[in-house]
Amino acid sequence: MYEQYLHAYEKLPLGVAGLVMGLVLILLHGYALLRPEATKTALNRAAENDKAGRVLLTVDFLWIFLLLLDVSWNPLRMNLFDFNSFRSILLILCPIIWFILYGQKKSLIFPRALGLFLLLLAIVPLTAAFLQEPMTRLLIPIWWYPVLTVAMFWVGKPYLLRDWAVRYTASPLLYRVSNLFGLLYGTAILVCSFFWF
């Protein structure tokens, strides 16, 4: 028998998830539109930023470790169901894999860490939106499914972040249109979180 308990993600109200997601999208894309040169410079340098990559990688593996740590005081503990017998092995492998990745030199660690972070992060709003009543909740998965696809590419092929950033920042029209779309999308989610979520 499996122990039934409510995961922390399942306790998150849809309205709160929508509010946070909407605000983050508005802030990120609004900043990109107001400070294009600073944003483009940061994007072009991101893939090579090993220091930020190691910090983010540490956050990723602490998050994974908490998901695997099966103690009653841990609200992030995850039920592995049929794979529960592998929990101890995964807990041991978690710091070992972190140590191996952390010590790699010139390996484009930031794209891998960012991709893994997005994969971990996506489950939070997606869980909040899962099987909820308002149809407007679909704004959340419609945004996150493409993000998840891109994140998986970055984990497996980290050089793509560097290549895509160069092409993206080289096109002023693409840059403006995509950030304007992100700003409007964030606004739509924010409005929905107040009136329908």
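This report looks at aromatic ring pairs, and the charges over rings, in a predicted model.

## Ground rules

Residue numbers start from 1 along each chain as its sequence is written, and side-chain values rest on heavy atoms, with hydrogens and water left out. As the model is predicted, local features need pLDDT of at least 70 and side-chain atom pairs count only at pLDDT 80 or more, while totals for chains, interfaces and linings use all residues.

## Ring pairs

Searching the whole structure turns up 7 aromatic pairs. Rings of Phe, Tyr and Trp (its six-membered ring) pair if their centres lie within 6.5 Å; planes under 30 degrees apart are stacked, over 60 edge-to-face, and the rest tilted.

One of these is the tilted pair of Trp98 and Tyr102, at 4.9 Å centre to centre with 40° between the planes. Where do the two sit? Both belong to helix α4 (residues 87–102), 4 residues and so about one helical turn apart; helices here are DSSP runs (H or I, at least four residues), numbered from the N terminus. Trp98 is partly exposed at 25% relative accessibility, and so is Tyr102 at 33% (partly exposed lies between buried, under 20%, and exposed, over 50%; 1.4 Å probe, protein chains only).

Tyr168 and Tyr175 are tilted as well, with centres 5.6 Å apart and planes at 50°. Tyr175 is buried, at a relative accessible area of 3%. Elsewhere, ring pairs join Trp143, Phe181 and Tyr185 into a cluster.

## Charges over rings

The charged end of Lys40 sits over the ring of Tyr175, 4.9 Å from its centre, and that of Arg54 sits over the ring of Tyr102, 5.6 Å from its centre. The test asks for NZ of Lys or CZ of Arg within 6 Å of the ring centre and within 35 degrees of the ring normal.

Key. Helices (H or I, at least four residues) and strands (E, at least two) are DSSP runs, numbered from the N terminus.
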